[in-house]
Amino acid sequence: MAHTGASAAAHMDAIYRYQRYIYDASRKYYLLGRDRLIGELAPPPGGSVLEIACGTGRNLVKAARRYPQARFYGFDISSAMLETARAAILRHGLSDRVIVAPGDATDFSGARLFGVPQFDRVFISYSLSMIPPWRAGLRQAYAALVPGGRLHVIDFGTQAELPRWFRSGLRAWLAKFSVTPRAELEAELKALAAETGARLEFGRLFRDYAQRAVLVKP
Ligand SMILES: C[S@@+](CC[C@H](N)C(=O)[O-])C[C@H]1O[C@@H](n2cnc3c(N)ncnc32)[C@H](O)[C@@H]1O
């Protein structure tokens, strides 16, 4: 069943109610490419960065420490995940520069959530694969960029180049968490780039274990 709106929030809370306590320790072994994305964000001094579906706040904390002159915003549909994110932000003494709020990637407004209508950088890490209307989420993410801004995406690939046993084992594991790799992500990004005049850089990592993209808004 594809969850949306309030049903998606309840579904994500159910998945992460207990998982959030082991999330950062366990996911570092298989949510690959997140640190590379953070390294590539390079926001301008005083710039704004939004993470859509920020989960435990792991990426926001790392990025905020790496770019001390930027301001960071994040939202997530799961209030359980946000509780963990808020605690992490406080623990790292970043509450003045990292703000999180509840929000839905398929229907959000930066102005309403944070008083910031558009951002210099927007990123989505391992979340489009958990959002049934992911195409809508992608388009909203792009719309939230200032002209010249960049959208960074990292997520599971199709694993087409990996051994079949590995692929089917991973798929079965991911399905337990309602994760569906988006085989059409590249095509959707190309369509978005063609429609808007954006510049797209797309790549497959680790034999298509993961896919990454950067879309630059003109
Ligand atoms: C696999 S976690 C990724 C968290 C974080 N981005 C990271 O890289 O560690 C996926 C996150 O997407 C969130 N999520 C799922 N559907 C969402 C939606 N429609 N809007 C906002 N967040 C959503 C979940 O609650 C969860 O925190």
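User: Where does Y126 lie?
Analyst: This is a predicted model, so keep that in mind throughout. Y126 is in the loop between β4 (119–125) and α6.

User: Buried or exposed, that Y126?
Analyst: Y126 is buried, because its relative accessible area is 5%, and the cut-off for buried is under 20%.

User: What about its phi?
Analyst: The phi of Y126 is positive, about 50 degrees, although Y126 is not a glycine. A42 is another non-glycine residue with a positive phi, about 35 degrees.

User: Where is A42, then?
Analyst: A42 sits in the loop between α2 and β1 (48–52).

User: And is A42 buried, exposed or partly exposed?
Analyst: A42 counts as partly exposed, because its relative accessibility is 39%.

User: Which residues is L128 in contact with?
Analyst: Leaving aside neighbours within four places in sequence, L128 is in contact with W134, L138, V153, D155, R182 and L185. On I52, there is a C-alpha to C-alpha figure: L128 and I52 are 9.5 Å apart in space and 76 residues apart in sequence.

User: Some of those names look like helix residues. How do α6 and α8 pack?
Analyst: Two packed helices are described by the angle between their axes and the distance between the axes. Helix α6 (residues 134–143) and helix α8 (residues 185–196) pack at an angle of about 40 degrees, and their axes are 11 Å apart. That angle is why α6 is called oblique to α8.

User: Right-handed or left-handed crossing?
Analyst: The crossing of α6 and α8 is right-handed.

User: Which residues make the contact?
Analyst: From α6, the contact is made by W134, R135, L138, R139 and Y142. From α8, L185, E188, L189, A191, L192, E195 and T196 take part.

User: New topic. Where is R58?
Analyst: R58 is in helix α3, which covers residues 58–66.

User: An arginine on the outside, or buried?
Analyst: R58 is buried, because its relative accessible area is 15%, and buried means under 20%.

User: What does its side chain make a polar contact with?
Analyst: The side chain of R58 makes a polar contact with the side chain of D35, at 2.9 Å. Not counting residues up to four places away in sequence, R58 touches D24, R34, D35 and I38.

User: And what about α2 and α3, at what angle do they cross?
Analyst: The axes of helix α2 (residues 34–41) and α3 cross at roughly 40 degrees and come within 10 Å. The two helices are therefore oblique to each other, and their crossing is right-handed.

User: Which residues make the contact there?
Analyst: On the α2 side they are R34, D35, I38, G39 and L41. On the α3 side they are R58, N59, K62, A63 and R66. By class, the contact of α2 with α3 has 3 nonpolar, 2 polar and 5 charged residues.

User: Now A105. Which loop?
Analyst: A105 lies in the loop between β3 (98–102) and α5 (110–114). With a relative accessible area of 7%, A105 is buried.

User: What does A105 touch?
Analyst: Not counting residues up to four places away in sequence, A105 touches I52, F75, I131, G137 and Q140. The C-alpha atoms of A105 and I124 are separated by 9.6 Å, and these two residues are 19 residues apart along the chain.

User: Last one: D13. Which helix?
Analyst: D13 is in helix α1 (residues 5–27). Its relative accessibility is 14%, so D13 counts as buried.

User: What is D13 in contact with?
Analyst: Leaving aside neighbours within four places in sequence, D13 is in contact with S78, S79 and A80. D13 and A80 are 67 residues apart along the chain, while their C-alpha atoms are separated by 5.7 Å.

Definitions and conventions
Residues numbered from 1 in each chain as written. Predicted model: local features only at pLDDT ≥ 70, side-chain atom pairs only at ≥ 80, totals over all residues. Heavy atoms only, no water. Helix = DSSP H or I, 4+ residues; strand = E, 2+ residues; numbered from the N terminus. Buried < 20%, exposed > 50% of the residue type's maximum accessible area, 1.4 Å probe, protein only. Polar contact = N/O pair within 3.5 Å; in protein donor to acceptor, adjacent residues only side chain to side chain. Contact = heavy atoms within 4.5 Å. Axes fitted to C-alpha atoms, helices over the stretch in contact; angles between N-to-C directions. Parallel < 35°, antiparallel > 145°, perpendicular 65-115°, else oblique. Left-handed = near helix turned anticlockwise from the far one by under 90°. Nonpolar A, V, L, I, M, F, W, Y, C, P; charged D, E, K, R; others polar.
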